[in-house]
Amino acid sequence: MIQERHISVWNNCLNFIRQNIDPKQFEVWFRPIKPVSLAESTLTVQVPSEFFREYLEDAYLDILKAALKKELGVSARLVYVVTPVQKQQSLIYPAAHGNTPVNSKMISVETYSRGGNPGPFVFPGMQRIQVNPQLNPVYCFENLIVGECNKMGFTAGESISSAPGKTAFNPLFLFGGPGLGKTHLAQAIGISIKKKFPELVVLYVPANRFKTQYMDAVNVRNKLTDFLAFYQKMDVLILDDIQDLVGQSTQNAFFNIFNHLHQSGKQLIFTSDRPPVELENFEERLLSRLKWGLSVELQRPDFATRLQMLKARAFREGVQLGDDVLNFLATRIKSNFRELEGALISLIANATLAHKEMSVALAEQITDKIVGEQQSDLTIDKVQRVVCDYFNITRDDLLSKTRKRQIVQARQIAMYMSRSLIANCSLSTIGAEIGGKDHATVLHACTTVSDLMSTDKTFKQYVTDIEKMLAPVRR
């Protein structure tokens with residue numbers, strides 16, 4: 001009877017926990033736990049993996065403390081037995097009990113092993129696993145056009161590929177608007193690492209796919225620990241479009257994977273359409289870690305870089321284009337590499353299928369269809385000039401450091417309008433164009449304008465009038 005007390009105590013804890021958390025989460029995170037022993041007020045339980053233990057400590061510590069206190073009193077103590085997949089001695093960890101008084105002694109328990117076959121991600125007895133890195137060979141450094149828009153990211157990428165996980169660029173956070181080459185650069189780093197260090201486990205995964213894999217693992221019994229164990233074995237993890245990693249449970253899982261890999265000296269690379277400070281619905285603790293390494297903004301390519309990209313892609317396609325056609329395309333499409341490349345491919349396809357000459361006239365027809373009304377002439381400079389005209393101030397006043405109320409409001413409205421009306425315009429870019437302000441200042445200005453619009457009718461009229469003045473430019 002005494003030997004079975006640990007089971008009854010744990011079952012009572014489970015009943016308490018079941019009433020206070022989501023049923024699905026209970027099945028995933030508490031059903032696999034097995035009671036091992038009870039000595040005085042110290043309960044020892046068995047968990048499937050080290051990640052499982054870390055997640056429990058991180059996500060459910062408070063409810064575990066409450067359940068144990070209810071059953072064993074204020075001196076309650078929890079110890080985990082982590083059973084590894086490989087056949088080796090189990091590891092014993094005391095639980096993190098915050099300020100709860102605990103005894104210093106550790107207890108010895110019998111080693112337990114998991115029965116059954118390991119999951120599809122786990123290979124017992126192997127130091128390395130065989131993983132398809134999911135890298136597109138086209139996205140290599142050799143095919144990457146380097147200009148002022150991406151030079152910093154390229155330089156950091158080369159350093160990382162020579163010493164993954166051992167530079168200050170960990171994690172590397174690449175951000176910028178669509179079509180600016182974030183995925184290409186991130187995959188190029190992965191491809192280069194794999195060439196130089198073929199023994200390393202490299203994986204590229206879009207955030208949406210990671211989230212789907214996690215949800216699938218949660219819904220299938222005994223698959224979650226395999227999923228987590230799989231990702232913990234990565235040497236280089238490239239997560240694309242991290243802004244799509246929404247959902248608290250998914251972020252909790254990724255947070256612990258991040259911690260494990262970073263602490264193990266593994267390389268992490270992320271891409272996003274916005275800087276970390278602008279990521280919405282992200283936990284602060286995860287955001288702080290995304291800022292640990294190097295954040296690099298990929299900007300719109302200048303004319304010389306656009307022209308170089310067109311020449312390189314035309315060469316890869318085996319076609320010759322006149323300089324007039326190349327210059328026209330590079331001048332007409334300014335937004336990003338993706339639209340520029342799409343225009344070139346469309347031009348080649350139309351000329352080939354219709355047996356037409358690849359002329360400026362045909363290029364103009366193609367770009368009209370691709371760009372059309374989406375092409376906007378609105379720039380930060382034009383926003384600033386309209387704001388200055390409205391408030392009857394000079395541009396030097398707007399860019400100055402004066403704290404006069406009218407000029408401060410004009411400056412904040414200019415920042416707000418630039419962010420609201422210009423596509424793919426980052427906070428750092430806006431700040432650089434308005435007196436060298438940082439992204440935090442721009443974000444504060446945008447928030448201030450939004451708040452004043454809801455409380456100050458006169459101020460709201462200012463914003464409405466300026467929007468109307470900018471409308472013809474946007475069209």
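Helix α5 (residues 151-162) has 12 residues, which at 1.5 Å a residue should span 16 Å; its end C-alpha atoms lie 17 Å apart, which agrees. The expected span is 1.5 Å times one less than the number of residues. This is a predicted model: local features need pLDDT of at least 70, side-chain atom pairs count only at pLDDT 80 or more, and totals for chains, interfaces and linings use all residues. Residues are numbered from 1 along each chain as its sequence is written, and side-chain values use heavy atoms, without hydrogens and water.

**Helix α5**
- Buried residues (under 20% relative accessible area, 1.4 Å probe, protein chains only) of α5 are G153, F154, A156, G157, I160 and S161.
- Down the axis of α5, these fall within an arc of 165°, so they line one face of the helix.
- Their cover includes β5, α6 (182-196), β8 and β9, with contact meaning heavy atoms within 4.5 Å.

**The sheet**
- Five strands form an open sheet, ordered β6-β7-β8-β5-β9, with parallel pairing. Pairing takes at least two DSSP bridges between two strands. Helices (H or I, at least four residues) and strands (E, at least two) are DSSP runs, numbered from the N terminus.
- β6 (202-206) and β9 (294-297) are the edge strands, each pairing on one side only.
- Strand β5 (residues 172-175) runs parallel to β9, joined by 4 bridges. L172 has L294 in β9 as its bridge partner.

**Helices on the sheet**
- Helix α7 (residues 207-218) packs on the sheet and touches β6 and β7 (236-240); its direction makes about 90° with that of β6. Angles run from 0 to 180 degrees between N-to-C directions.
- Helix α9 (residues 248-263) lies across β7 and β8 (267-272), at about 140° to β8.

Technical notes: Buried < 20%, exposed > 50% of the residue type's maximum accessible area, 1.4 Å probe, protein only. Arc of directions from axis to C-beta.
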